[in-house]
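Colleague: I have a model open and would like to go through it with you. Could we take it piece by piece?

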Amino acid sequence: MMNFDNTELAFRSKSSIDLTRAYLLFKTIGSNAIVKIGSFAATTAVKLHLPVMWAAGPTIYSQFVGGESIEKCHKAVRHLEKNQVGAILDYSVEGKENIADIKKALAETLHSIKNAGQDANIPFAVFKPTAFTTHDVLEKASTAKVSMTEAEKAEAENFRSRVDTLCKAAYDANIPILIDAEDTFFQHFIDEVVLDMMVKYNKESAIVFNTYQMYRWDRLALLQKDYDRAVKENFFLGAKFVRGAYMEKERARAAEKGYKDPIQPDKESTDKDYNAALKFCIDHIDRISIFNGTHNEYSSAYLAELMEEKGLAKDDKRIFFSQL
Ligand SMILES: Cc1cc2nc3c(=O)[nH]c(=O)nc-3n(C[C@H](O)[C@H](O)[C@H](O)COP(=O)(O)OP(=O)(O)OC[C@H]3O[C@@H](n4cnc5c(N)ncnc54)[C@H](O)[C@@H]3O)c2cc1C
């Protein structure tokens, strides 16, 4: 199996100062106690309008944020390009509850899709669906047997049409678009809308990608079901895989409200389903495009091995490896 021991190659885009800073940062945020104190201090400082950028700017911010605007990300995109790494610009906004913010998020995301379409080193556009309607509407539309008012039903349709606007812009710019996965209690309606977009825009190739969080025990079955629909209705399935980001929150909510935990019983089960999903997609690569969103060394090497076994080129446009 492929190994990643050649650190000279892996980190050649980083200076020694970058690496030392990243090492110290990850060591610090690896401590629960420091994260708790730091989060409290930062939130308090922001509330009191104290300047925090002098501390966050050169540390956390420069590690995780490419820039405050598309234009300010340009330098980072070009630096990655020199090292043959593509870039995805994520407009970091979610949970918008009023129309002005939603409109702003829509305009920014359309701008990012257009920009991606014009930049050969940006292979995907992306958005977080929670930026495009209220939490309340997403949750109600995702929950069986919950009645919605006429206004709520109309807002759910507004969400659908905003997602359609973004997917159409991606289709017109010929740039694939990733739709992030969110908390389970929002996800059912998102899945429904995104699959409808695939039926509409993925006839020639995978433009619209849904995200499968493999820490959920029901996602492998959903992948199979979505694939069956893709075959039946003759479209390409765009599948972004992640393990999932909200485990503690999901478990706590399920325990509090008394429903079955939507998360796998342990890490091994998550890993097993994650790798099984990759295998399933490679076995059906004529119909599925894969976006492998993980830092997991085994899953990355495993996907590379599956590609080699199948005789696929390393730069096969249906398969992407991506890290944050
Ligand atoms: C490019 C990219 C895009 C992403 N987009 C999204 C997104 O749209 N939505 C989203 O939710 N997340 C997203 N993530 C985050 C992702 O879901 C993971 O939280 C993160 O990448 C860590 O998982 P890993 O596979 O990289 O590493 P690993 O260290 O192999 O896995 C850690 C993950 O395993 C799972 N896990 C850990 N312990 C247990 C346990 N006891 N039982 C069950 N499962 C367990 C959790 O999901 C945890 O995050 C994205 C990540 C990347 C790299």
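Predicted model: local features only at pLDDT ≥ 70, side-chain atom pairs only at ≥ 80, totals over all residues.

Colleague: Which way do strand 5 and strand 6 run, and how many bridges join them?
Modeller: Strand 5 and strand 6 (residues 319-322) run parallel and are joined by four bridges. Strands pair if DSSP finds at least two bridges between them, and helices (H or I, at least four residues) and strands (E, at least two) are DSSP runs numbered from the N terminus. From strand 5 the chain passes through helix 13 (residues 297-310) to strand 6, a right-handed β-α-β crossover. Right-handed means that, with the strands pointing away from the viewer, the path from the first strand over the helix to the second runs clockwise.

Colleague: What is the bridge partner of Phe291 in strand 6?
Modeller: Phe291 has Phe320 as its partner there. Strand 5 also pairs with strand 4 (residues 237-242), in the parallel sense over five bridges, and Ala239 stands opposite Ile290.

Colleague: Is strand 5 buried or exposed?
Modeller: Six of the six residues of strand 5 (residues 288-293) are buried, so the strand is largely enclosed by the rest of the structure. Buried means 20 or more other C-beta atoms within 10 Å of the residue's own, exposed 12 or fewer, and partly exposed in between, with C-beta atoms placed from the backbone. In a regular strand the side chains alternate between the two faces of the sheet. Here Ile288, Ile290 and Asn292 are buried on one side, and Ser289, Phe291 and Gly293 on the other.

Colleague: Changing topic, which residues are closest to the ligand?
Modeller: The closest are Asp180, Val242, Arg243, Gly293 and Asn296, among 23 residues that surround the ligand; a residue counts as near if its C-beta atom, placed from the backbone, lies within 6 Å. Strand 3 (208-213) and helix 12 (267-283) are the elements that give two or more residues to this shell.

Colleague: And where does Lys145, with its positive phi, lie?
Modeller: Lys145 lies in the loop between helix 7 (135-142) and helix 8 (150-173). Its phi is about 60° although Lys145 is not a glycine. Lys145 is exposed, with 4 other C-beta atoms within 10 Å.

Definitions and conventions: Residues numbered from 1 in each chain as written.
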